[in-house]
Amino acid sequence: MTTHHPVNRRWNMRQRDWAVVLWIAFLSASAGFFVLFGLIDPLDMVSAWADRFDIGVRLAYGLAFAFLYLLCLLASALTMFMIRTGPAHGHASGAGRRPIPEVHDPSQSNPDIDGEEWK
């Protein structure tokens, strides 16, 4: 007996872009979270900034991760936007470039160098 997945289609380009943006932002925020709390004692941060709000350590961790995630999400989405809204035909294929200038013999435009070797 075979079972079929209810959604048997591939993601379109926009869905794949957003999946990549969300995943890269999550990985970047996780790395930033480890570095941040590896350098700063989280209890000092909570006592310095969150004592007046009476929040717990776990909520402070969650808010710090959410802030880093939103920051990384913004950077990742902006990168994807710039990649997808670049030149339509791209400069890598040669579209939009100026033509290669023709190379002429310099003796044609300057009569003073008639006897010299230029080839």
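Biologist: Which residues form a nonpolar patch on the surface?

Modeller: A patch consists of residues with over 30% relative accessible area and no salt bridge, where like charges are joined within 9 Å and nonpolar side chains (Val, Leu, Ile, Met, Phe, Trp, Tyr) within 5 Å. A salt bridge is a side-chain nitrogen of Lys or Arg within 4 Å of a carboxyl oxygen of Asp or Glu. Accessible areas come from the Shrake-Rupley method with a 1.4 Å probe, and for residues only the protein chains shown count as cover. Here the nonpolar patch is made of Val20, Trp23, Ile24, Phe26 and Leu27, which together have about 460 Å² of accessible area. The model is predicted, so local features need pLDDT of at least 70 and side-chain atom pairs count only at pLDDT 80 or more, while totals for chains, interfaces and linings use all residues. Residues are numbered from 1 along each chain as its sequence is written, and side-chain values use heavy atoms, with hydrogens and water left out.

Biologist: Is Leu27 buried, partly exposed or exposed?

Modeller: Buried means under 20% relative accessible area, exposed means over 50%, and partly exposed lies in between (1.4 Å probe, protein chains only). Leu27 is partly exposed because its relative accessible area is 39%. Leu27 belongs to helix α1, residues 13–39. Helices (H or I, at least four residues) and strands (E, at least two) are DSSP runs, numbered from the N terminus.

Biologist: Which residues of α1 are buried?

Modeller: They are Asp17, Val21, Ala25, Ala29, Ser30, Phe33 and Phe37.

Biologist: How does the span of α1 agree with its 27 residues?

Modeller: The expected span of a helix is 1.5 Å times one less than its number of residues. For α1 this gives 39 Å, and the end C-alpha atoms are 39 Å apart, so the two values agree.

Biologist: With which residues is Ser76 in contact, leaving aside its neighbours within four places in sequence?

Modeller: Contact means heavy atoms within 4.5 Å. Ser76, in helix α3 (residues 57–84), is in contact with Val21, Ile24 and Ala25. Ser76 counts as buried because its relative accessible area is 13%.

Biologist: Where does Val46 lie?

Modeller: Val46 lies in helix α2, residues 42–49, and is buried, with a relative accessible area of 10%. Its C-alpha atom is separated by 9.6 Å from that of Leu59, 13 residues apart along the chain.

Biologist: How many helices and strands has the chain?

Modeller: There are four helices and zero strands. Of the 119 residues, 17% count as buried.
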